[in-house]
Amino acid sequence: MDPLALTLIELGAVVFCLGLLARLAGRIGMSPIPLYLLGGLAFGAGGIIKLEGMHEFAHLSGEIGVILLLLMLGLEYTAAELFTGLRRSWQAGVLDLVLNFLPGAALAYLLGWGGVGAMVLGGVTYISSSGIAAKVITDLGRIGNRETPVVLSILVFEDLAMAVYLPVLTTILAGVSFLGGLTTVGIALAVVSLVLMVALRHGHQVSKAVHSENSEVFLLNLLGAALLVAGLASAMQVSAAVGAFMLGIAISGATAHNATRILEPLRDLFAAIFFVAFGLNTDPSSIPPVLGWALVLAVITAATKMATGIWAAKRVGIARPGRFRAGATLIARGEFSIVIAGLAVASGAIPGELAALATAYVLLLAVTGPLAARYAEPLAKAVLPAPKVAAKA
Amino acid sequence: MNVDETNLPGLGRRKDFMTASGRRIGVVELREGQTELIVSTWDDPDTCQASIPLTAEEAATLGNLLGGQHLAMKLSEEHKDVPGIVTRQFSITPDSPFQNQPMGKACIRTRCGVSIVAIMREGEVLPSPGPDVVLHTGDLLIAVGTQEGLDTAADILRNG
């Protein structure tokens, strides 16, 4: 068959299947990410059907998917929100980092994947899925709850941590020497802080530069700017994703809101392809051997996220049920864990088992995370003894 | 009254306060522009028993109802020494013959001796409205008069 026809048929079939999977996910009220990953596993290397024609397209689309994911993450919070979030909740943020990075890093060492592996797996276990958490908060009607700002500020901190972590990771994955690594990390940190300062002071000018009343012009401006900044960042070894993230932070106010609305369908498409592409590159037969470890890691890091949420909520005077809700909302891992694993896989600096472990890990927690958020509080109420001070009669 | 304002990064803003009965009540203003009314459960003030999405019009009407109550109570308090004078609120329903008409057309003072002392509209108070003020659906009229006069005024506003 004509290669173009083959590619179109494969791509069409895959996107159509993704549509079915997303609908199924919506029907049973879960995040579509695990289903996309499973879809990718089924079609990829060693899967049920092997797709060859769309490989190149899937790869580039996946990259764009990551850029859009990070761009929209940046759009979600304004620079001012990031700063106040950092000032007010850095203790919780640091606890979150320590408690959730270490289990992943430790396991990577234990399995003999070295420092690079530890850096990658630590990142995978550290970062909660802000997409799943936001959906859980909205779906369960918890926007007005008192623990919600606590959860959100931890997510904000994680996003900022990502801005530092991703360039560092990119450097390490590139295998630069220690001194060269330090220089790149220094450049990365300087760029990140500079962009944050510019975003805080002159965010409206960046917004003005891309803004347009015409939605077509606006979309092209946004996408062009994002790809340009991402490409430049990548050329400077700061990681393409971080460039897009910084651009997202710099765009603020009404422009950011409109940008989110306009980019959402594109993000959904490209991110879905990214998850599939990640799955495509993972051999399903490599998952069963690491499933046990993924399960152990999932249980431990679910507990550590829970502890983080409980501690942070307790600190601001939230009562016991709210502490459990806060902790459980943070458990879900998703898109950004896969982004980290994807970067690592693309660099070729990590063993294939790590990608398989990350896939299994995200599959587990993306499915159980929302369930935990829903049922942790009633479960805690049923299992744990009532607090000493009796509730109002 | 101490209203707490909390930023919800990425979502919007929450404004709420504790009532004397121990419930937290307030609104969440979402970044997309919607408003939600939130009420906490009685046993856990951290959580919400209900979060009710309100359109701009519904929010304004609710504001009128609550604010009008407050204004009416204050007015009653002020002329409690004058026997026979009562304060009452009338809302302009969509089927009222006077919606989108100047208030003077209803001739309320001439016909029943009732004074419209204020109009609550979208959470704002229009004090001492003149006869030229155009009435809209959802407006809440604060009226002062005798019991019988107010009954007549209610009938006028409803049936013309």
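Which residue takes a positive phi in the hairpin of β1(B) and β2(B)? Select B:Gly10: its phi is near 85 degrees, and the hairpin has three residues between the strands.

**Before moving on**

This is a predicted model: local features need pLDDT of at least 70, side-chain atom pairs count only at pLDDT 80 or more, and totals for chains, interfaces and linings use all residues. Residues are numbered from 1 along each chain as its sequence is written, while chains are lettered from A and ligands numbered from 1 in the order in which they are written. Helices (H or I, at least four residues) and strands (E, at least two) are DSSP runs, numbered from the N terminus.

**Stop 1: the hairpins of chain B**

Select residues 4-8 and 12-18 of chain B. These are β1(B) and β2(B), paired antiparallel over five bridges. Two strands count as paired if DSSP finds at least two bridges between them. Find B:Leu8; opposite this residue, in β2(B), is B:Gly12.

B:Arg13 has B:Glu29 of β3(B) as its bridge partner. Five residues lie between β2(B) and β3(B) in their hairpin. In that turn, pick B:Gly22, with a positive phi of about 90 degrees.

**Stop 2: the four-stranded sheet**

Stay in chain B. Show β6, β9, β7 and β8: in that order they make an open sheet with antiparallel pairing. Which strands stand at the edges? They are β6 (86-91) and β8 (124-127) of chain B; each has a single partner strand, so one side of each is left without a neighbour in the sheet. Neighbouring strands are turned by 25 degrees against each other on average, direction ignored. Axes here are lines fitted to C-alpha atoms, for helices over the stretch in contact, and angles run from 0 to 180 degrees between N-to-C directions.

Now select β7(B), residues 115-121, and β9(B), residues 140-145. They pair antiparallel over five bridges. B:Met120 stands opposite B:Leu140 of β9(B).

Contact means that the C-beta atoms of two residues, placed from the backbone, lie within 7 Å. Next, helix α3(B), residues 147-159, also packs on the sheet, touching β6 and β9 of chain B. The direction of α3(B) makes about 10 degrees with that of β6(B).

**Stop 3: a helix pair in chain A**

Select α4(A), residues 79-110, and α5(A), residues 114-126. They pack at about 140 degrees, with axes 7 Å apart. That makes α4(A) oblique to α5(A); angles under 35 degrees count as roughly parallel, over 145 as roughly antiparallel, 65 to 115 as roughly perpendicular and the rest as oblique. Show side chains at the contact: among them are A:Phe101 and A:Leu97 of α4(A) and A:Leu121 and A:Val124 of α5(A).

**Stop 4: where the chains meet**

The contact takes 25 residues from chain A and 17 residues from chain B. On the chain A side, α4, α7 (148-173) and α13 (320-329) each supply at least two residues. The largest share, five residues, comes from α7(A).

**Last: colour by confidence**

pLDDT is the predictor's confidence in each residue, from 0 to 100. Chain B has a mean of 85, and 100% of its residues reach 70 or more. Among its elements, α1(B) has the lowest mean pLDDT (80) and β4(B), residues 35-39, the highest (91). The model scores ipTM 0.74 and pTM 0.80.
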